Each structure stands twice: as C-alpha cells, then as structure tokens.
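Here's a quick briefing on a protein chain you can follow along with on screen. Have a look at the fold before reading on.

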Amino acid sequence: MVAERKKASIAELEAKAKVLRRHIIEMTTEAASGHPTSSLSAVEVVTALYFGGFLNVDPKQPHWPDRDRIILSKGHACPVLYSAMAEAGFFPTSLLLTLRKLGSVLEGHPNLKRLPGIEASTGSLGQGLSIGVGQALGLRMDKRSSHVFVIIGDGEMGEGQVWEALATAHKYKLGNLTAIIDQNGYQQTGAAKDVLDQTPFADKLAAFGWHVQTIEGNKMAPVVEALEKATAITDRPTAIVSQTQKGFGILPILEEEHDLNYHGKPLSKKLAEKALALLKG
Amino acid sequence: MALGELAGLKMGPATRDAFGDALKALGSKYPDVVTVDGDVGNSTRTEVFAKAFPDRAFNVGIAESNMVSVAGGLAAAGKTPVVASFACFLLCNAYDQIRMSIAFPDMNVKLVGSHSGISIGEDGPSQMGIEDVAMACTFPGMVVMVPADGPSTTKATEAMLEHKGPTYLRTGRAKTPIIYPDGCDFQIGKAIQVRDGKDATIIANGLMLPIALDAAAALEKEGIKVRVLDMHTVKPLDEAAIVKAAKETGRIVVAEEHLMAGGLGSAVATVLARTTPVPVEFVNVGDTYAESGDPEGLLQKYGLTTETVAAAVKKVKNR
C-alpha cells in the first residue's frame, strides 16, 4: 500500500528545490548536452508536485493503477523530472550522471518504455496535454481518484494541438486534469513574445472554460497554494500559468554570459562550478 | 460486368460496414474497448458501436492530432481505444501523433482508416487514402491489415482487439464481393490462398482481391492457371507464403489499391529480392493523385481492373 501523503513545509520544499537544481547542473554538464535552463524554470512546480503531497506515486510500484500521473510535455526539460524521480526513490541519484549516455534509461527526452515512472514519451512538442486528456478520461471511467498533471512550455503553446486538447478537456469537464504552463518567457531562438506571442494565457485559457490561476512560479509558497486550489476543483479542468524565469537559480551566470535564454546548452565545467556555488544548500 | 462476377462471387457489404457491425458485436466481450472519433463516426461506422455503448464513445471533434494522442492516453490508462477516421486524415494529419503517442510508446491503440483507395469516387482525391499503407508500415511494431471482404473484415476486427499493441486496419467505402461466404481462418501475418495455380501468383488485398479473382477466372479460360493469395496483412508480411509462391509458380503480380511507393508491392518485392528473385509486375495507382468520378469509372481510368491484372500476369509470364 502507498504511504499517506506527506506534506513538507515550504522551507523543506525550498531546500529540495536547491537539491534538484544542483542535480540539473551536474547531470547536464556531465552529459555535455541537454537543456538546463528549461529545466531550472520548472523546479518549484516539479518539487511541489513530488514532495509537497500532490503527486501520489509509489516508486516501489511505479505502475500502481491508482497513482497520479505527471506528464512533462516539454520533454526537453527532463533533467528536472529525473532529478525529482531520483530524489523520490525511483532510481539511485548516482544514475543521474548517466543522462543521455548510450545504454542509460535517462534518455535525452522521456521514454516510458525504458524508465518506470515516466507517464508519457514526449519530445515532439504539443502532444502531452492530449495524452493527459486521454489518461484523465480513462481514469475517470474506471472511477479512480487519480489526478493528471501536465507541464507545458510557453513556447510549446504555439502547437495547435494544445488548443485542441484544451477544448476537449473542457467538453468532458475533466476535473482530474491540471495543466501547468511553465511561462519562462523564452524558446529556442528567442523571447516567446517575439517568436510567436501567445499571451495573454490566462484570458485565453479562461475563454476555453478552464479554471485559471496565474502565479509567480519560482516561489514555492504560491506554487503550493495554487496546486492546493487546483486539486480541490473537481468540476472542470484547471490551469496554472506559472510565470517563471528560464535558468532560475543561475541567473547571475546567464547575465555574465549575456544570454538569458541559454537554450539547449549545458554549462561548461567551470561555469557549473560557479553555478553549484550559487546553489549551495 | 460487376465486380466479382467472373469469379462467381456475390456482392457483400463495404468493409467499413463489416467493421462497424463487428465492433458493436464485440463490444460486450471486450469491455475495455472505447472509440475515439474525429466527427466522422457515421462515415467510418464507429457510430454503430457508439450508439450501442454511448459511455465508451468519445467524439473529440475535427482535430485528428488531438484525437490520436487522446487515444494514446486512454491506452496508457488501460483502455483499448479504437480510433477511426478517413485513412488519409488519420495517417497524414496525425502521423507524428501516431509516432509519438502510440507507436514509440507501444500503446495498445487500434487505428482504423476508412475511405481507402480511389474507389471512394465522387468526393475526389483530397479524401482518398492512397498512401496510408506505406505510412502505417513505417512505424516499428505496427500491424497493418487490409481485408478484402465483409467476413474477413469481421475476423480482422476481432484479431485487432486480441492483438496487444498498435494496429492499423484499412477499410473501404465501396461494397465488395464476398470472398469467404463461410468465413475464413484469419490470422495476423498469415496469407490465405484463395485459389491455386501453377503459372503465376497474384498477391492482392482489399478491393484488388476480387478483381484478382476475376482476372484468374478470365485467364483460366485461356488455359493460364493462377494462384491467388489474399495478403490481408501487409505487416508483418507472410514471407513464407511469398517464397513458396515464387518457388512454385515462378512469376508474381502484386495488386493493390494504393500508390506504388511503399505499399504491398514494395513489401513483396523486398522479400523476393532478398530470398527468391523472380519476375514481378505491379498493378496499383502508380505515382499520381486521382480525381473525382464514379468508382467504376475511376478504377477503369486508373488501371485497377480485371483486364490490367490479367495483362500483368501475361506480361510477367513472358519475361
């Protein structure tokens, strides 16, 4: 059986967030590839889900049918997911340093066939929310109390399929589905507002019939509060527009490097040392 | 002359109708089956199931990409989703969703593409699935089935539900002659020899199977004896039946209502090139889009007829 959900304090969650950030830097620098800054923006949300009592999963029974589901639709940010999974006990933290290496189950994008605990194989942007809609529908048919959380990038909102999924979730009043938009403001080639401005997210999501909250997503207390509110609503799908900063936690380094996006690049060993110093526990 | 008449076949239902009826009939036996539709359930015939099991039918609107990924999610939650649309829209519109939400994660989703081939007629080339088999065959692990008549489609529908893993079932809009009035032993990946002969083998599926049987009947009057194989599964392909036919008859004709590129012809030719190189001819839509028109006229104009199949047999015999 699965243990009672444990609620950690905000201070404990903040400390855990720092641990995740250190893992993200260490593993991507060791891999010499990957997306550390895309991972760092989503740390508070992922930390709160796994360790704040929201995501009811059991690392010893990763396929337990009544578990909650988490889908990282912005699959390139998987270092944040792997870090949380390792800390939660899905696999040893030592495995994190095998990220992206031949033979490792920690692939460059999440692969459910190889890593128990991954709920959707992502990496082609735009599909995660639709998969979450299907899971939420299926779980509800079986009268399971499971909740489905989907984390989407703000650049990813350019994929039309996300809007198809938003409409579908509304049609079926999926109260067991929560979408979290990690609005870190950047995508591959520049600022999201310059590439393809999808804002205002909150107004658009509300117009699609969703319950919407907009929060400061790199602060733990509002993240926890928003997840509490979202999971208490059961008559319609809920969205959290999580306004974050890409690379949060190592921003001074990105400023020094004159690149606040720093998309898809690991830190050099030298910069990683500086980053880890910034992220001391 | 009507389709199948030379071969003495009676007209039967369209394969899409056989599929819809079979799905409904199997609904109680397979309680995890759900349907996911892109608002064409009355065309694909999933509506027959939906009317009988309304709580297990989801019409997600005109949004094929989302439809396919939703099915992937339902499968992840333990359901057996049957996702149907026009073959062209299902494969072409949602190709990446089939790749990433179904095939790569090996989800137990049953894809059904109706309105395959040019025999859909008047609606024209934008609605004709003539590249779907090629596209479906590219996905590792995907089973690809093209049944020819009502009874074998009924069997194919159950075989697809029994199979664990992603499948693609191709159905058609036109009524088709009944090849198997007494049913058939339908096994995924196992060809059915419908007729035997020593001079050549026609390997066909879908609507081209009754046409191949007509051609075989016509050729028999000229003293040419042709084996006909129902290659209802394109993937996994029945290599043993192909090799046996090549060895025993020495000549092969492949007939399908599909583009030349990537269809049954390509699959058979690959097996023959590797194992038993013999002369092969192909009867298919070629490398072109078709046009609007009546189904019979279209089959004539684009060369999918008893005459073209018979001519291909004669040509391959003389090579």
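In chain A, 77% of the contacts with a separation of 6 or more link residues 24 or more positions apart; a contact means heavy atoms within 4.5 Å. This is a predicted model, where local features need pLDDT of at least 70, side-chain atom pairs count only at pLDDT 80 or more, and totals for chains, interfaces and linings use all residues. Residues are numbered from 1 along each chain as its sequence is written, chains are lettered from A and ligands numbered from 1 in the order in which they are written, and side-chain values use heavy atoms, leaving out hydrogens and water.

**Overall build**
- Chain A has 11 helices and seven strands; helices (H or I, at least four residues) and strands (E, at least two) are DSSP runs, numbered from the N terminus.
- Picture the C-alpha atoms of chain A in a box of roughly 50 × 45 × 35 Å, taken along the principal axes.

- Of the 281 residues in chain A, 57% are buried (under 20% relative accessible area, with exposed over 50% and partly exposed in between; 1.4 Å probe, protein chains only).

**Zooming in on one residue**
- A:Phe149 sits in strand β2 (residues 148–153) of chain A.
- With a relative accessible area of 0%, A:Phe149 counts as buried.
- Leaving out residues up to four places away in sequence, A:Phe149 touches several others, including A:Leu49, A:Ile70, A:Ile180 and A:Thr231.
- A:Leu55 is another residue that A:Phe149 touches; the two are 94 residues apart in sequence, yet 8.4 Å apart in space, C-alpha to C-alpha.
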